[in-house]
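Please open the model in the viewer and keep the selection panel at hand.

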Amino acid sequence: MKSSWPFLVFLFLLSGIQVFSQTAIELSIKDTSGPVISRNVYGHFSEDLGRCIYDGFWTGDRMRMDVVEALRKIKVPVLRWPGGCYADQYHWRDAIGPRDQRKKTVNTTWGMVTEDNSFGTHEFLELCDLLGCQPYIAGNVGTGTPEEMESWLEYLNFDGKSTLADMRRKNGREKPWNVSFWGVGNESWGCGGSMTPEYYAGEYNRYSEFCKNYPGSQLRLIASGANSDDYNWTDKVMKNIVRNRTWGISMHYYTLAGPWEHKGSATQFGEDDYFKAMVSCLKMEEIVSKHSAIMDKYDPKKRMALVVDEWGIWTDAEPGSKPGFLYQQNSLRDALIAGSTLNIFNNHTDRVKMANLAQTVNVLQALVLTDKDKMLLTPTYYIFDMYKVHQDAHSLAVHFTSPQYVHDGQKIAAVNASASRDSSGAIHISFVNIDPSKKITINAALPGIAFSTIHGQILTSSKFNDINTFDQPDKVKTAGFNGAKKTSAGLSVELPPMSVVVVELQK
Ligand code: AHR
């Protein structure tokens, strides 16, 4: 008798490492609209740091239109600038007027490099116009004055006759910009001035007193918020600030957080590091819930926003890159982190009204990397492209018990999800399966949801540290997904290991 072993081995290889084992879970979604997922949850952050602005958005004396075009496609709703830590050393007057006459300063926060200030207020607001997004400016409390903040706002937002408004006109901008999102300092507990929450609250009250609403403009003031799980900061700031002039309070949380500790490589990592990063990423759920609960004490009607204006994975910088420039590559792991974090925000949309991934180009968890005139889109970029359907859609509650992803005796939820219904009635469900070896089948009950067509997109790859490079820019990118089927109860979806899937259901 002929041995069937070669054939069996062939079949095994054919089935591939994608499908080591399978699990099925039950999930249900009811079509009862929750609050709207603010488009601003899909916001970004562009600090004057490393090659984010210079080489990223701005080169020589021009905007990089390749970068702008890529970002227009994902509908960036809001962009934060000039920091970050740099905001508290930024003096706006240094970066207006003829570029060759602008002050040369030193970016002492990031790399001690000379800053020629060729990208300033006008350039940032032109960038926002090109992207079709709202600006979010972080004002300087650390080394600034209330006068400097007050006068910047007059320069930006006053339509009448004044020396500052005339200076704006002379510099090429007739009409005010009506900037609305305004941060009063950044990380005031650390690089923004090493303040206590009580001291910062006093500073916030003094500075914000002079942040005026000029006719036609309505400021949305954002107080400098906590570092990850520093709940005492949120409690004391919420208690002591003038809340009725405050739109939101921020919070920063980075996967593999603690900026100055050893975090590991962005590309050279095994399953131990992968698992550690996922544990760290999923902690966002607890952090957002706890800050939100503290805010409820002072703001039970949830009038104020929790603004997660810095988040993302922070790894060691790429070997050979300039110290202080925070340049890191971006892998499939980072895309799974982005998808999971955005699911958490979608599920907390009653409180999280804005979030800003750090940072758009060439810094930390970037969407775009550049190398001279070349540009590539990272795996994280594709998540924002797939998830843009959730912007301004009504959130829908998703109920399920996730199977566990078990590694070295530790367990975390393998699957996370969120769902929404948009203004056309289409329903979008985003799933992330972080398990590196299990395919997971979702059996979804969808009472009250009628649909006739299903479309889907998937982002996956064979290894969690797969990346896009300038030589191979399309290794990790979105593909059409046909693993979703209509069933008598609703829907079944097959999630490959390490995948992000967005399914669209239409009537
Ligand atoms: O995103 C890099 C830095 O991280 C920001 O400047 C600062 O706010 C945070 O510590």
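The number of salt bridges between the two domains is 0, a salt bridge being a side-chain nitrogen of Lys or Arg within 4 Å of a carboxyl oxygen of Asp or Glu.

The model is predicted: local features need pLDDT of at least 70, side-chain atom pairs count only at pLDDT 80 or more, and totals for chains, interfaces and linings use all residues. Residues are numbered from 1 along each chain as its sequence is written, and side-chain values use heavy atoms, without hydrogens and water.

Next, select 14–34 + 396–506 as domain 1 and 39–392 as domain 2; these bounds come from an automatic or database domain assignment. The centres of the two domains, taken over C-alpha atoms, are 30 Å apart. Domain 1 brings 40 residues to the contact and domain 2 brings 38, with contact meaning heavy atoms within 4.5 Å.

Now display the surface between them. About 3200 Å² is buried between domain 1 and domain 2, and carbon and sulfur atoms give 66% of it; buried area is the accessible area (1.4 Å probe) that two parts lose on being put together, summed over both. Finally, select H407, F464 and F470 in domain 1, which lose the most area to domain 2, together 23% of what that side buries.
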